[in-house]
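The sequence and structure come before the details.

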Amino acid sequence: VKYIRNNRGCVISTWQENLGRGTPVYYLSNGTTIYIMSEGGEKFPNIRKNPKVTIGLYTARPLFGVQLFGTAKIIAQDDPAFMKEVKKSGFLKNRQFAGEKPPYFLKIIKTEAEKIVFWGTKKDGTYKIIWDNTLTKDLDKIIYDKLIFFSRLTAKHTYPEKIKRKNPIIFTHDAFQGSFAFSNFQHYFARRGWDSYALNLRGHFVSQFARPDKKPSGQVKGTESILEYTEDLHNLVTAVGKSPIIIGHGMGGLIALKYAEKFKTKGLVLLNPIPSKKVFDELNLRGKITKKTLKKELSLKGSKVLSMARKDGERILFKNHNAAKDDIFEITSQLCAESAKAFFESHLGMIDINTEKIKSPLFVLGEKTDLISGTPLNGRIATEYKARKYRLFEKLDHNFMVSKNWMKYASQIEEFLN
């Protein structure tokens, strides 16, 4: 509110049918209400047909900005409420003449904010504050979304204004991915009082741009192992300083298990996890899954550093097309390089997990039949690690965290955590 009050220029975006319009205008404000005075223009018929608008304002140095989403109302001077709204807007303050009124041809566009995203930069990273006034009373209206840097790594830290849960959640991503895979889940849990961190493993997504030596860390080198990725997870847990609940997806599930072998965790949640050596062997997967079949199935390019094309990502991660096209594009266009060593260690059943050393309550959520092997993989993993609870579904995308029904799966995880 202070930032909005201290600025004056914005762009109001309006649209109808196939026409979108962004108009740079001068504005006044009262709390989370924006007042724009204008004589006319194409924004007016747009608002009459579709009152939903967005308003953007920013300052370049330092970089800060606001995206405001709301419902606009046009108030002409013959409206009995016109002068009342003029007073609320602050237009009359510091006018040249006492009692001066707006020119007769001006109309007010009054926008009541329903949601505001405030973003900015600091020396230690970027951050957002997201305020949503459309939520029910049991959910936190304000959450914070920050990118933090530590030990050549980055993590997305998302939390509510008042953290109500003692143990934080740490999300660990799959091969080729990053913290972006958990955006929906992080916001879901933050609205319900949870503190969460989504790790970016070394060389993945924005961890490539961490600058411990005044130079970007860069992408994976190809020699990184699952044990080294487990060290990354340990570094984040150490930085957080509290016993976490770890939620691992795909290869990240295997990393979570490897971590839980050595360190105590409050709980483990595995989302379509990769199997350990024992499970891999018990399901006789060595003949079905080889380095050659993996490279062919996933169209992997490179020998030391692997890459996955966006179209292959769509086919593998969203085979059932349960997500919106825009969300699929968002995920697959951010896929990054992967270490061949870590990838084949995990996907060819080379990682041993000592079941007896894992004491944390565990929940498995995933598809009934594995995409590559065609086996009931998740059910066998749940049995092996004595899962307290597991839920398996038919025709579930690998990256179901962004499917159209993602909230259904998040609520089942929340039920387990509670």
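## Contacts of Thr332

Leaving aside neighbours within four places in sequence, Thr332 is in contact (heavy atoms within 4.5 Å) with Arg310, Gly313, Glu314 and Phe318. Thr332 is found in helix α10, residues 325-332; helices (H or I, at least four residues) and strands (E, at least two) are DSSP runs, numbered from the N terminus. A polar atom of the Thr332 side chain lies 2.8 Å from the backbone oxygen of Ile328.

Thr332 has a relative accessible area of 3% and is therefore buried. Buried means under 20% relative accessible area, exposed over 50%, and partly exposed in between (1.4 Å probe, protein chains only).

## Basis of the model

This is a predicted model, in which local features need pLDDT of at least 70 and side-chain atom pairs count only at pLDDT 80 or more, while totals for chains, interfaces and linings use all residues. Residues are numbered from 1 along each chain as its sequence is written, and side-chain values use heavy atoms, with hydrogens and water left out.

## Salt bridges

The structure holds 20 salt bridges, each a side-chain nitrogen of Lys or Arg within 4 Å of a carboxyl oxygen of Asp or Glu. One of them joins Glu42 and Arg21, with the closest N and O atoms 3.7 Å apart. This pair links distant parts of the chain, 21 residues apart: Glu42 is in the loop between β4 (33-38) and α2 (43-49), and Arg21 is in strand β2 (residues 19-26).

Asp281 forms a salt bridge with Lys277, at 3.3 Å between the closest N and O atoms. Because they are four residues apart in helix α7 (residues 277-282), Asp281 and Lys277 are separated by about one helical turn.

Definitions and conventions
Polar contact = N/O pair within 3.5 Å; in protein donor to acceptor, adjacent residues only side chain to side chain.
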